Amino acid sequence: MLQLFLCEPAWDDDYGNDETYKQRISLLGELESAIWSFISSGGRSEARLWLCSTLSGISSISPRRQRDLFVSLLRSKPIKWHLASQLLQLIIDKQPKKMGPIIAKKSRKLESFFKGNPRRILQWFSHFSGTTDVDHGKGAKALSQFAFVNRDICWEELEWRGKHGQSPAMVATKPHYFLDLDVQRTIENFLEYVPEFWSSHEFSESLKDGTILLIDTKYFVDLFTGLMYEEELEEVWNVIEEFLMEQSFSFLCHHLLIILDEQDLHLFLDFIPKYLRPKSETVGIGNTSEWFEIILLKYSSSHNIDQLLLLTAVTNQGRQLLRLVQEEGSDEEKEKIKNLVSQLCESSSFANDLAALLVRGLKKKPLELIKKLGMQSWAIHYRLSEEFNTSESWESLFINSGINFRKSDKYALLHDDEFSEDYGSDYDGRSSVSLKHKKKHRKHKKKRKRNFDPDENYEDELVGYNLSHNRIDLQSKGGDWFLSTDGYSTTWSSVDLPEHLSRHCFFTWLKWVFAKWGAVS
């Protein structure tokens, strides 16, 4: 019988059976090695992604603290060019208006942006209107306005497609003449002979809304990173800090942590405990990041990154890890893991040795004990996924583990009041009374159904038959239950139960050890 170990141990007992304790430690170590071989293959990228996903769920960091955290990382040495580039790309994609005023003040730098690049020239300056100058595109409007205001120094640099040029007076009365302007040749002339244009008010105004950044975001990302680190431009840092406060911590982690190299991820893990809000609440089922915050605050550092990668894999990504083993493991590797799991989960072999692991582990390194508990919970996840396929097996496990449950029958054609009457009680003697009542009720409904006119509603009768038939088939394979593990708040199917119950075990064990360590009140 599978043992979930949900009874809190007697902490003053010494659990003196060294052999079973040592055997469990040995088995957990072998399982860890086997799992690590999967995690470390392929450069550990999958495991790092899982760790970043867990970090993104942290909820106790305020907007100001998350800003300070990422700014500390950006300002650390060596220079974080890659991180800064990714962050600036996000800003340009989501809020280009934030960066527009900065580039407007640095408009002279855009000479090199347009020089020798006809595509960029035409994208920005060629959108003239056939009606009024109000409808010109931003670049076209800046060019026409500057040409009129400064016609004495630049009008002759305008290139026209017709046989002859146009006078300022003629174009002023007929703005659609600008449609005949050879934009590429004109801008090339301005680049060579009219330097005043590139620092003019007209050109600067056209840049303020940040639209120009979308023409070539990579160019502007490189430009802004240079302004950040080489010129230490305060305006760029101010925009970055404002953006970091506005976005959710989850969004920032998902988009920024995944591009960090190993060294920078180490640094982030060293920084983050300084910005976490101290935890005092109980670890709760359903909040998978809360226990991780406590670990980061109390027991972790970048020196433990391998343990954190393994821990998040077996606790927060148990289902994905199981799929990884099934899809990529050799027959020999899968058989080895299956045997290890079987030995770790058999209560007949180890009656009290998990209690021994808990009691003795309090005297050892906290993260090492937590990792071993995570390994044990994943072993339970594996065993449940592989061997529990029927309603009877699940309900037997619930009863033997002290988990109260209510059967959820999604396929029964019952009214709300019937549901509460028939299925609302825990597994006890009352459920058999309800079952008899249901059988009577269904028998009565079947008798009525036989009296239906076949021509009257044949389709409804067929649907009713199929639902009943499918319901019986589903119940034979598994089912759905409300459990006392989460206060009967969620319906759990046999597909989701392995993950739910293994996490419930893990959180239960953590509550015990955190209470002993004084990490949680």
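Helices here are DSSP runs of H or I with at least four residues, strands are runs of E with at least two, and both are numbered from the N terminus. With that in hand, here are some points for a first look.

1. **What you are looking at.** This is a predicted model, in which local features need pLDDT of at least 70, side-chain atom pairs count only at pLDDT 80 or more, and totals for chains, interfaces and linings use all residues. Residues are numbered from 1 along each chain as its sequence is written, and side-chain values use heavy atoms, with hydrogens and water left out.

2. **The overall picture.** The protein has 27 helices and 3 strands. Of its 521 residues, 48% count as buried; buried means under 20% relative accessible area, exposed means over 50%, and partly exposed is in between (1.4 Å probe, protein chains only). Among contacts (heavy atoms within 4.5 Å) between residues at least 6 apart in sequence, 76% join residues at least 24 apart.

3. **Lysine 94.** Lysine 94 sits in helix H4, residues 81-94. With a relative accessible area of 43%, lysine 94 is partly exposed. Its contacts, leaving aside neighbours within four places in sequence, are Phe243, Gln247 and Phe251. From lysine 94 to phenylalanine 243 is 149 residues in sequence and 9.8 Å in space, C-alpha to C-alpha.

4. Leucine 74 belongs to helix H3 and is buried, at 1% relative accessibility. Beyond its neighbours within four places in sequence, leucine 74 is in contact with Lys80, Leu83, Ala84, Leu87, Tyr229, Trp237 and Ile240. Leucine 74 and aspartate 264 are 190 residues apart in sequence, and their C-alpha atoms are 10.0 Å apart. In the loop between helix H3 (63-75) and H4 you will find proline 78. The peptide bond from lysine 77 to proline 78 is cis, with omega near -5°.

5. **The nonpolar core.** A nonpolar core is a set of buried Ala, Val, Leu, Ile, Met, Phe, Trp, Tyr and Cys residues joined through side-chain atoms within 4.5 Å. The largest such core holds 150 residues, and Phe114, Phe125 and Phe224 touch the most other members. In soluble globular proteins, nonpolar side chains tend to be buried together.

6. Serine 144 is in helix H8, residues 138-149, and is buried at 1% relative accessible area. Not counting residues up to four places away in sequence, serine 144 touches Phe128, His136 and Phe178. Histidine 381 lies in helix H22 and is buried too, with a relative accessible area of 3%. Histidine 381 touches Gly318, Arg319, Leu322, Pro498, Glu499 and Ser502, again not counting residues up to four places away in sequence.

7. **How H1 meets H22.** Helix H1 (residues 18-39) and helix H22 (residues 366-387) pack at about 80°, with axes 10 Å apart. Axes are lines fitted to C-alpha atoms, for helices over the stretch in contact, and angles run from 0 to 180 degrees between N-to-C directions. The two helices are therefore roughly perpendicular, a term for angles of 65 to 115 degrees. H1 brings Arg24, Ile25, Leu28, Leu31, Glu32 and Ile35 to the contact, while H22 brings Lys371, Lys372, Met375, Gln376, Trp378 and Ala379.

8. **A covered helix.** How much of helix H17 is buried? In H17 (residues 290-298), 7 of the 9 residues are buried, so described as mostly covered. The buried residues are Glu290, Trp291, Phe292, Glu293, Ile294, Ile295 and Leu296. Their cover includes helices H2 (45-56), H16 (262-271), H18 (305-316), H22 and H27 (497-517).

9. **Two positive phi values.** Glutamate 232 has phi near 50°, a positive value in a residue other than glycine. Glutamate 232 lies in the loop between helix H13 (217-229) and helix H14 (234-246), and is partly exposed at 46% relative accessibility. Tyrosine 488, also not a glycine, has a positive phi of about 60°. Its place is the loop between strand E2 (480-483) and strand E3 (491-493).

Technical notes. Parallel < 35°, antiparallel > 145°, perpendicular 65-115°, else oblique.
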